[in-house]
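This report sets out what can be read from the sequence and coordinates shown below. Please keep both in view while reading.

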Amino acid sequence: MEFGEILIFISLGVGFLVIILLLIDIYVSRKRRDERGEISLKFSEEFWKRLEGIIEEETKRMVIEIEKKILEDLINEQKRQISNFRQKLEVMAEEEKKEVSAFSQKLEEKRKSFEESIKRETLEFAQSLTKEKDEILKEIKRNGERLIDELNRKFSQVLDSFSESIKKKISDAETSIENYKKKRLEEIDREVYRKIVDVSKKIIGKAIDISTHEKLVMDALEKAKKEGIF
Amino acid sequence: MEEIFEKLVEKIITEEDLVFFLDQLSILRRFLFLQTQIPLSERLKNKIDEKLRKEIEKLEKGRILPSSPEEQSSFFKELENFLLKIPKVKLEIAFEPSEEFISEVKEWFKEKIKKRVILDISVNPKIVGGARIEFEGKWKDFSLEKEIEKLYGRI
């Protein structure tokens with residue numbers, strides 16, 4: 001139940017209570033006059049009915065007015081409260097706005113600071129990178145030069161050993177050729193000698209007649225005898 | 001007995017002669033125990049070399065050859081053993097020798113060495129002249145081939 005409804009019920013209760021009190025007051029006044037012997041005017045039933053109707057009407061009108069008044073008060077109160085609330089809201093909004101503005105400003109400051117920091121760090125990083133790059137390039141150059149020197153040295157060594165090996169091979173080949181030449185010459189000598197011997201044998205063999213052959217055999221037998229073969 | 005054998009094998013000079021003679025003996029032995037009533041020389045007609053058959057006939061007539069087949073067999077066995085015991089001389093020469101020359105060699109051994117030998121002669125013209133001689137395990141080169149090689153070897 002809302003606050004306005006409660007007020008309406010309270011107003012209606014108060015109205016009924018006022019009417020009852022008025023009726024009680026009228027009744028008590030008539031009784032007192034009767035007791036004092038005063039002449040009282042007698043009212044007809046219609047009068048009472050009209051009076052009740054008037055009272056009822058009046059009561060209703062009053063109730064409506066009261067209700068209207070209560071409603072107006074209520075509305076006014078509501079308006080006031082709303083106004084207050086709005087004011088509060090405005091104040092809050094203003095404060096919020098201020099806070100937001102402050103926050104935004106802080107944020108902006110932070111952003112700027114961050115940007116600056118990023119820029120600074122980027123710059124530093126870039127400088128560092130540049131420095132590092134220079135160092136790396138120098139190192140690469142140093143390593144490259146060292147590698148080239150090493151390669152030159154190795155190449156020279158290999159070339160020297162290769163040269164030695166070639167010299168040795170040439171020397172070996174020369175020795176082999178010399179040996180081969182010597183061997184071949186010996187073979188040729190032997191061959192020539194063999195040919196000469198063969199030709200000599202053939203010539204001598206053909207030149208010897210049977211009687212000479214027979215004499216040679218007999219000489220051989222004599223020699224064998226002398227040498228103790230028999 | 002050796003004198004008889006010597007006379008029988010007088011014509012055997014070379015290794016070929018020996019092989020032929022031994023072969024004739026082996027044929028002869030096949031007829032020793034056949035038709036024993038007939039003389040061996042008769043039985044051997046046209047079976048062995050006629051010269052040998054005639055020699056056997058002489059032996060029969062001179063009663064040198066025993067009459068029984070068994071004794072004849074022993075006789076020829078002894079003859080074979082006698083032949084096989086004759087020492088051999090191997091001669092490698094450069095020419096084909098004539099029979100006269102072979103006989104001359106045989107006589108040389110008989111006179112100079114006082115030995116009956118069998119000549120095993122082979123011909124090898126490569127030795128040019130002279131001879132290579134082998135006797136009872138001893139060998140010697142007396143060839144002209146050797147002399148020529150010696151000569152060129154010095155050169």
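## Basis of the model

The model is predicted, so local features are described only at pLDDT of at least 70 and side-chain atom pairs only at pLDDT 80 or more, whereas totals for chains, interfaces and linings use all residues. Residues are numbered from 1 along each chain as its sequence is written, chains are lettered from A and ligands numbered from 1 in the order in which they are written, and side-chain values use heavy atoms, with hydrogens and water left out.

## Chain A

Chain A contains three helices and zero strands, and its elements run α-α-α from the N terminus on. Helices (H or I, at least four residues) and strands (E, at least two) are DSSP runs, numbered from the N terminus. Of the 230 residues in chain A, 10% are buried. Here, buried means under 20% relative accessible area, exposed means over 50%, and partly exposed lies in between (1.4 Å probe, protein chains only). The accessible surface of chain A is about 19,900 Å², with 60% belonging to carbon and sulfur atoms; such areas come from the Shrake-Rupley method with a 1.4 Å probe, and for residues only the protein chains shown count as cover.

Two salt bridges within chain A illustrate pairing along a helix. A salt bridge is a side-chain nitrogen of Lys or Arg within 4 Å of a carboxyl oxygen of Asp or Glu. A:Arg111 and A:Glu115 form one such bridge, at 2.5 Å from N to O. These two residues are four residues apart in helix α2 of chain A, and are therefore separated by about one helical turn. A:Arg111 is partly exposed at 37% relative accessible area, and A:Glu115 is likewise partly exposed at 35%. In the other bridge, A:Glu164 and A:Lys167 meet at 3.9 Å from N to O; they are three residues apart in helix α2 of chain A, again about one helical turn.

## The interface between chains A and B

The size of an interface is often given as the accessible area lost when the parts come together. The area buried between chain A and chain B is about 2,500 Å², and carbon and sulfur atoms give 76% of this; the value is the accessible area (1.4 Å probe) that two parts lose on being put together, summed over both. In chain A, the residues that lose the most area to chain B are A:Lys201, A:Ile229 and A:Phe230, together 24% of what that side buries. The contact (heavy atoms within 4.5 Å) takes 25 residues from chain A and 29 residues from chain B.

Across the interface there are nine residue pairs in polar contact, both residues being at pLDDT 80 or more. A polar contact is a pair of N or O atoms within 3.5 Å; within protein, one must be able to donate a hydrogen and the other to accept it, and residues adjacent in sequence count only if both atoms are side-chain atoms. On the side of chain A that touches chain B, the elements giving two or more residues are α2 (45-207) and α3 (210-226) of chain A. The largest share of that side, 12 residues, comes from α3(A). Its residues divide into 14 nonpolar, four polar and seven charged, where Ala, Val, Leu, Ile, Met, Phe, Trp, Tyr, Cys and Pro count as nonpolar, Asp, Glu, Lys and Arg as charged, and the others, Gly among them, as polar.

## Salt bridges across the interface

Side chains of opposite charge can pair when their charged atoms come close. The whole structure holds 31 salt bridges over all chains, and five are counted between chain A and chain B. A:Lys201 pairs with B:Glu145 at 2.7 Å between the closest N and O atoms. That pair crosses between chains, from helix α7 (residues 144-154) of chain B to helix α2 of chain A. B:Glu145 is buried at 14% relative accessible area, and A:Lys201 is buried at 9%.

A:Lys201 also forms a salt bridge with B:Glu149, the closest N and O atoms being 3.2 Å apart. A network of salt bridges links A:Arg194, A:Asp198, A:Lys201, B:Glu92, B:Arg132, B:Asp141, B:Glu145 and B:Glu149.

## Two buried sites in chain B

B:Ser143 lies in strand β4 (residues 138-143) of chain B and is buried at 1% relative accessibility. Its side chain makes a polar contact with the side chain of B:Asp141 at 2.7 Å, and a polar atom of that serine side chain lies 3.2 Å from the backbone nitrogen of B:Lys146.

B:Leu25, in helix α2 (residues 15-30) of chain B, is buried at 0% relative accessibility. Leaving aside neighbours within four places in sequence, B:Leu25 is in contact with B:Phe76, B:Leu79, B:Glu80 and B:Leu83. B:Leu25 and B:Leu79 are 54 residues apart in sequence and 9.2 Å apart in space, C-alpha to C-alpha.
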